[in-house]
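Subject: Structure for you to look at

Hello,

Here is the structure I said I would pass on. Please open it beside this message and follow along.

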Amino acid sequence: MLAALEEERPDQIWNLGDTVGYGPRPNECCAVAAERANLSLVGNHDLVVLGSGDVAVEDFNPEAAAAAKWTRDALNEESRAFLQSLSAFAEREGAELYHGSPRDPVWEYVLTVEAATAAFHATQASLVLVGHSHVAMALRLQGAEVVGGLAPARTEADLSAGRWLLNPGSVGQPRDGDPRAAFCVVDFDTGRASFVRVTYPIEETQGEMREAGLPAALAERLAYGA
């Protein structure tokens with residue numbers, strides 16, 4: 001993903017959270033995010049690994065809970081300090097960023113028209129960026145109606161045509177049926193957003209997960225983007 005980003009030559013990299021939680025290399029991911037991302041948010045998986053009082057391991061399904069406990073033990077002090085320094089939301093010129101949603105920056109999934117409509121009403125920025133769901137989406141407020149939906153590879157959004165809510169998808173565990181790593185390039189100069197997918201050696205990551213003792217179901221789902 002980082003190699004593909006180099007081709008785009010972005011001015012900044014924004015990470016919308018859940019840097020850790022499922023994968024076999026949490027410390028390496030934190031180190032890369034700390035070094036390369038100009039902005040990082042904290043997600044619910046990051047918070048449960050930190051032992052945050054606002055997010056309990058009982059709030060997760062059994063596989064995610066097991067992964068969180070494993071990650072909690074694996075996390076080094078540098079990674080812990082990095083995650084503890086982060087917020088679940090941020091604001092930049094022309095954009096508001098949330099791990100979950102404007103109504104609940106940690107937990108709410110923006111996967112329905114109702115949630116997207118509420119997100120637009122709770123914000124003022126022309127562009128709202130969210131993560132959390134692992135599903136790439138491009139939604140536009142057209143009058144009082146929200147239009148749009150899933151944003152597969154090569155989807156283009158004309159940011160000049162009203163207000164938008166974008167989810168770039170997930171680098172590590174996409175859930176929209178496409179197993180490739182996902183990210184989105186936002187160009188404020190041209191008013192365009194482009195959704196990108198990148199092939200990576202899934203079998204290698206699956207092998208590392210199994211070797212680490214992480215739940216088999218989490219490794220298997222990587223092959224299907226589910």
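Below is what was found in it, taken one part at a time. Please keep in mind that this is a predicted model.

Start with helix α2, which covers residues 26-36. Four of its residues, Pro26, Asn27, Cys30 and Ala33, are buried. Around the helix axis they cover an arc of only 130 degrees, so they sit on the same side of α2. The elements that cover these buried residues include strands β1 (14-15) and β2 (39-40), along with helices α4 (62-74) and α5 (77-84).

In soluble globular proteins, nonpolar side chains tend to be buried together. In this model, the largest nonpolar core has 28 residues, and Val48 and Leu83 touch the most other members. Two or more residues of this core come from each of α2, α3 (44-50), α4, α5, α7 and α8. Apart from this core lies another one, of 18 residues, among them Leu127, Ala136, Ala151 and Trp164.

Leaving aside neighbours within four places in sequence, leucine 83 is in contact with Thr19, Val20, Cys30, Val42, Asp46, Leu50 and Leu75. One of these, Cys30, is among the buried residues of α2.

Alanine 95

The last item is alanine 95, found in strand β4, residues 95-98. Is alanine 95 buried or exposed? Its relative accessibility is 1%, so alanine 95 counts as buried; the cut-off for buried is under 20%. Not counting residues up to four places away in sequence, alanine 95 touches Trp14, Ala125, Leu127 and Phe188. How many residues apart in sequence are alanine 95 and phenylalanine 188? They are 93 residues apart in sequence, and their C-alpha atoms are 9.9 Å apart in space.

Regards

Key
Residues are numbered from 1 along each chain as its sequence is written. This is a predicted model: local features need pLDDT of at least 70, side-chain atom pairs count only at pLDDT 80 or more; totals for chains, interfaces and linings use all residues. Side-chain values use heavy atoms; hydrogens and water are left out. Buried means under 20% relative accessible area, exposed over 50%, partly exposed in between (1.4 Å probe, protein chains only). Contact means heavy atoms within 4.5 Å. The arc is that of the directions from the helix axis to the C-beta atoms. A nonpolar core is a set of buried Ala, Val, Leu, Ile, Met, Phe, Trp, Tyr and Cys residues joined through side-chain atoms within 4.5 Å.
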